[in-house]
Amino acid sequence: MTDFDEALVDYLLGQPGIAALVTKRIFPDFFPQSEQLPAIAYTLEDDSSQQTLQGPSGMRAAIYQINIWAETRREVMAVAREVRLAIDGHRGAFKDIPIIGAFLDSLSRERDSDTGAYCVSMRFTIHYQEL
């Protein structure tokens with residue numbers, strides 16, 4: 001059985017537009033300060049079972065926050081666009097995990113006053129079939 005985080009990262013790295021911009025710089029929770037930008041950090045906010053009146057349905061809903069960091073506004077928005085196109089509306093699979101539907105819930109952008117780096121935070125809900 002595939003770990004969902006691993007499947008998500010493999011899926012993102014399998015998208016040519018994302019791989020071209022961040023190479024392999026996708027990290028759980030945060031990225032090292034010494035890491036080259038642009039980079040992506042992802043965090044699982046929630047992973048809940050979808051219930052029916054008969055009990056567990058085997059369906060789950062995972063909420064992920066994906067933070068994209070880059071040195072310029074243009075660069076951060078380019079990576080954010082590629083991530084949005086890859087995940088929002090996706091149906092199919094992440095590796096061997098069936099994805100029923102993935103949807104962008106929110107997007108915000110800010111600039112770090114200390115480093116000057118730009119960050120786009122994206123929140124996705126991903127509905128999937130538990131294996």
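**View 1. Phe-4 and Phe-94 are buried.** Buried means under 20% relative accessible area, against over 50% for exposed and partly exposed in between, with a 1.4 Å probe and protein chains only. The model is a predicted one, in which local features need pLDDT of at least 70 and side-chain atom pairs count only at pLDDT 80 or more, while totals for chains, interfaces and linings use all residues. Residues are numbered from 1 along each chain as its sequence is written, and side-chain values use heavy atoms, with hydrogens and water left out.

**View 2. Phe-4 and Tyr-128 form a tilted ring pair.** Rings of Phe, Tyr and Trp (its six-membered ring) pair if their centres lie within 6.5 Å; planes under 30 degrees apart count as stacked, over 60 as edge-to-face and the rest as tilted. The ring centres of Phe-4 and Tyr-128 are 4.4 Å apart and the planes stand at 35°, so the pair is tilted. Phe-4 belongs to helix H1 and Tyr-128 to strand E6, so the pair ties together parts that are 124 residues apart in sequence. Helices (H or I, at least four residues) and strands (E, at least two) are DSSP runs, numbered from the N terminus. Both Phe-4 and Tyr-128 are buried. Ring pairs also join Phe-4, Tyr-11, Tyr-42, Tyr-64, Phe-94 and Tyr-128 into a cluster.

**View 3. Strand E3 pairs with E2 and with E6.** Two strands pair if DSSP finds at least two bridges between them. E2 (residues 39–52) and E3 (residues 55–70) are antiparallel over 13 bridges, and they form a hairpin with two residues between them. Ala-41 stands opposite Asn-67 of E3. E3 and E6 (residues 118–129) are antiparallel over 12 bridges. There, Ile-66 has Met-122 in E6 as its bridge partner.

**View 4. Arg-25 is buried and has no salt bridge.** A salt bridge is a side-chain nitrogen of Lys or Arg within 4 Å of a carboxyl oxygen of Asp or Glu. For Arg-25, the nearest side chain of opposite charge is Glu-35, 4.5 Å away; Lys and Arg count as positive and Asp and Glu as negative, while His and the chain ends are not counted. Arg-25 sits in the loop between helix H2 (16–22) and strand E1 (26–28).
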